[in-house]
Amino acid sequence: EPPMLLSEVPKNKPVRDLEGAQFLNMTQAENEKLLKITISMDGSSQSNPGVYLDEIKQLYYRDEFSNNVQEWNNQRSEALGFALSKFLYPSFEKELKAQLLTEAQDGIVKACCRKLYNWLKVAPYQVDPQMEEDEDFDTRDGIRVLAIAYENNWEVPAFGALIDGTGEVMEYLRLPHILKRKTTWREKERELKELDLKVLRKFIRTKKPHVICVGAQSREALMVVEDIKGVVADLAENEQMPLINVELQDNDLALVYMNSKKAENDFRDYPLLLRQAISLARRMQDPLVEFSQLCTPDEEIFCLKYHPLQDLVPRDDLTNALNLEFVNRTNEVGVDINLAISHVHTSFLVQFVCGLGPRKGASLLKTLKQAHQRLESRTQLVTVCHMGPKVFINCAGFIKIDTTSFENSTNAYVEVLDGSRVHPEAYEWARKMAVDALEYDDVTEDVNPAEALEEILENPEKLRDLDLDAFAVELERQGYGNKSITLYDIRAELNHRYKDLRSPFRPPNPEETFNMLTKETPQTFYIGKMVTCQVVGIARRKPHGQQLDQANPIRNDDTGLWQCPFCLKKDFPELSEVWNHFDAGSCPGQSMGVRVRLDNGVNGFILTKFISDKKVTNPEERVQVGMILHCRITKIDIERFTVDLTCRSSDLADVNNEWRPAKDLYYDYESEEKDRKVDDDSKKKQNRQTYVKRVIVHPSFHNISYKEAEKLLSTMDQGDVIIRPSSKGVDHLTVTWKVYDGILQHIDVKEQGKENAFSLGSSLMINNEEFEDLDEIIARHVQPMAGFARDLTTFRYFRDAEGGKREVIEKLLVEEKKRNPSKIHYFVSASREFPGKFLLSYLPRVKVRHEYVTVTPEGFRYRQQMFHSVGSLFRWFKEHFRDPIPGTPSSVTAVRTPMGQSSFISATPSINISNVDPQAIQRAAANISSHMFASLSQVAGQTPSFPTPYGGTYANAYPYHQQPYTPSQAMATPLVTPSYHHAVPTPSVTPRYPQTPQTSWAAQQTPRGAHTPRHTPAAAAVAAAAVIQANPIPTVVSGTKSTGNPSIADWKRMAEQWAKQRMEQQQETPGRSTARSGRTPTTRASPSPMIESTPAGDATPLIDEQ
């Protein structure tokens, strides 16, 4: 149950109006983040100073009118307001909350003590005096109690236990069929029931219990009580036995004792229900003794339910209060030490005797047991048990000794007052009162006070004439103090020694019986409460003779069949069959309502008009037997164990608060309205279906929501796919595939060419790419991405990093850097924030950098370039990780060339040399400088290549990228690495011209394999111009002369002009050079281009380059 009802939430309620445990309820709700408690005081804020601040201002103001004084008065006012609002009021609020919480907890403790008191105040069961006249039912040795315990499960047999007058088990019996009904239509069950009743009858006739009690487990206990009363009545009539009472006993204590460690130690071989029956019988015999069974070191006494909020009270406070209640009740009754020694189950009361406690009580019993001696007088507490004077004074009056049992067994004097509540200190006063009451003469010298006391105990009415007030005055004059109350207590005790002051046992009233059998209270079962119930049948009223004579059957014109006006059966082909239906008595009658049963065993009834807000003629059209209904209680009949219910939607909603509990006078209606609005919006959002179910036959398609798909994919492998309806509409689908554990990517699929709203479109679009069916999407789009993602997740430098959390990966990198500071460490992790992307993190110096690698069907996209393997991705990363990232301010500077623009960052001249005569080229080459000619020959006459780990060269490793390479970043040297980008390849004509004869410049050519010196910008420009239209794959053509006009352009002049412009541009933008080439040199002077292009101090190798 919630800690607090909604109707108890107040607003602006005065503290003095708080009642009971209301503040504790609010505190518990605040701890669970359900509400917030604020205590507003007079002027709790500086903006609202309040009345009290206005009053105390006058004590600090100066009554003058100068500006200086007025300003100081304002400062004093602000200081007072600040002191109250910031210091005093918060302190007051804290103290007030603590005080209110303490008071509420004290109230709960008192309620718990009151409940325990009501249990302990019941005296042992007393039999009818007429029964004591029978010798077989003598009560001088105590009463014999037969208790029966059962469970609600028919398969578990019930047990009965018979205990003697001291509480020890005498006999027990097993009753496996006691819960079956005598009136059942199953003959076998009737026979079994009668067999159990015969066994019970024989047991009662032979054992002769004084009383029989049945545990109040459920409503079936009433049936068991009636059956046993029938057996007892039969015995009283046929066997002339006294009429034995059959009582109903609460089994709350017995249930706890049944499962306690003490019961397990005492009755290890007994079944649980037999232990419960023993506890029921002992509670009937003496409730105080049986409740003390739970006062063990295991603290099982707290398993009892005293108050719904008892767990919110400090355990120490509740322990002290319950112990004090046991102490008060125990010392009112007294404890027989000899009985506690001989019967262990009564020994737990000794610890509650005043002055003893658990340790001294256990020591007292241990001493007497070791001495094998009974306690014959209170003086033996000192002489035998070596009790100290203080302890003796405290406990002597509450230790009861059965003096009548010693009178016949010993010749020594027995102090009769040891069997009373009179304290040994007051023995002389009791004897004096006995002598005075007998009115002996003063001259009589042989008066024996002990004999006078025994005579007074036999005739206590003589004590009525004593003037105890005068006696009290005399004692006060002698210095004993005011002993008036003590003298009156002594006279009452002499009238009846150790009279039991507890309330006599009485059978439970109807309300208590209802609460015991249903386990409900007025706080948990009330009119207006919402309950669930199960339909058990339809209630009908049979028609009487006059009603049958006046019946008017109805004919259905459509079907031609007749309908009974009472049971509404409408399948009679002829009118005569309706009358035969009446005459045969087969008409069950008109339906009056629905019979239901609640979880607590209470029967319920729903009138037909309360079934629905709409008119209901036949309840069977709306409900069926076994159906679970939500209802609201409208009436409670505790004597008949029935309730009236309603299940109309208007009554369940109860918008007008007709059935709900009354709200607090200071109830916060505004917050309720806000909460109701939020709840309504939430329900509308939940009820609104986010997708339309589709009719698509495919093993990967499921009509499920995102949450269900997420749950289903959690148990599937990486790369698995689920296709589901989309919330965007009926012309969309969502493809969800598992990137990594806990990471799912959702791909939107647009459908085109649909026949209807539920079918699959003939054309499926993902972005601008078209697919024919779902299998093609999985095979050509999802599975390649899943493969690339799997390659990354199995990469040796992949880390989980809790879904790509940057702080986690940074911590890992810092730790690696500490272990090996000479290397540049990097890790890759799957991103949960951006499914389908992988976070690439590396630590070049002291700051960790993060970039994303996107998985696509074509490969990995990183820095606007595509890579088709993990090796090529990280190889390019190692060479270019120091380059500016595309899209950042350092990488978007435009580079202009005089001959047009390229589609990438840098531009190159566009010079058509396809029609130039080779002799013209040689004539132009003879006039250029040697270093420029050497560079040109390197580029135009040779195409360097190197083998790759994947076979072949970079020029032919990926044949589907057939366009010249243009680097995405400006580089300081013409040494570049192939890059693959998104540009769509366009067919281009590769110009073919004969290879320049190498003999012409053999002296100037740089040997293959030697280090290529850094070229000047002009040389780089000439080299770029020479190969601008060349195919990356080298082609050697025979010496056929190309057709064309050799005088199109003077190649040297154009090259020099372009080189000059290029140098001017380089002077404007220093440090930037552009080279367009599709080849990578075979040898390099430095380990990697990124080291060559950076200062020597930054040339730190990556971790896997060592």
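Reader: Which way does α5 cross α6, right-handed or left-handed?

Author: In this predicted model, the crossing of α5 past α6 is right-handed.

Reader: And at what angle do α5 and α6 pack?

Author: Helix α5, which covers residues 187–207, packs against helix α6, residues 220–238, at an angle of about 55 degrees, and their axes are 10 Å apart.

Reader: Which residues of α5 meet α6?

Author: From α5 the contact takes in K193, L197, L200, R201, I204 and R205, and on the α6 side they meet M223, D227, I228, V231, V232, D234, L235 and N238. By class, the residues of this contact divide into eight nonpolar, one polar and five charged.

Reader: Okay, changing topic: in what order do the strands of the open sheet come?

Author: The order is β20-β21-β22-β23-β24, five strands in an open sheet with antiparallel pairing. β20 (825–830) and β24 are at the edges and each has a single partner strand, so one side of each is left without a neighbour in the sheet. From one strand to the next, the twist averages 30 degrees.

Reader: How many bridges pair β22 with β23?

Author: Strand β22 (residues 849–856) and strand β23 (residues 859–862) pair over three bridges in the antiparallel sense, and the two strands form a hairpin with two residues between them. Within that pairing, T854 has R861 of β23 as its bridge partner.

Reader: What about R861, which residue of β24 stands opposite?

Author: That residue is M866, while F867 in β24 is the bridge partner of F860. Strand β24 spans residues 865–867 and runs antiparallel to β23, with three bridges joining them. Here too there is a hairpin with two residues between the strands, and in its turn R863 has a positive phi of about 55 degrees.

Reader: Then which strands does helix α27 lie across?

Author: Helix α27, residues 774–793, lies across β20, β21 (837–843), β22 and β23, and its run makes about 145 degrees with β22.

Reader: And which strands does α30 touch?

Author: Helix α30, residues 870–880, packs on the sheet and touches β20, β21, β22, β23 and β24, with its direction at about 20 degrees to that of β23.

Key:
Residues are numbered from 1 along each chain as its sequence is written. This is a predicted model: local features need pLDDT of at least 70, side-chain atom pairs count only at pLDDT 80 or more; totals for chains, interfaces and linings use all residues. Side-chain values use heavy atoms; hydrogens and water are left out. Axes are lines fitted to C-alpha atoms, for helices over the stretch in contact, and angles run from 0 to 180 degrees between N-to-C directions. Helices (H or I, at least four residues) and strands (E, at least two) are DSSP runs, numbered from the N terminus. A crossing is left-handed if the near helix is turned anticlockwise from the far one by less than a right angle, and right-handed if clockwise. Contact means heavy atoms within 4.5 Å. Ala, Val, Leu, Ile, Met, Phe, Trp, Tyr, Cys and Pro count as nonpolar, Asp, Glu, Lys and Arg as charged, and the others, Gly among them, as polar. Two strands pair if DSSP finds at least two bridges between them.
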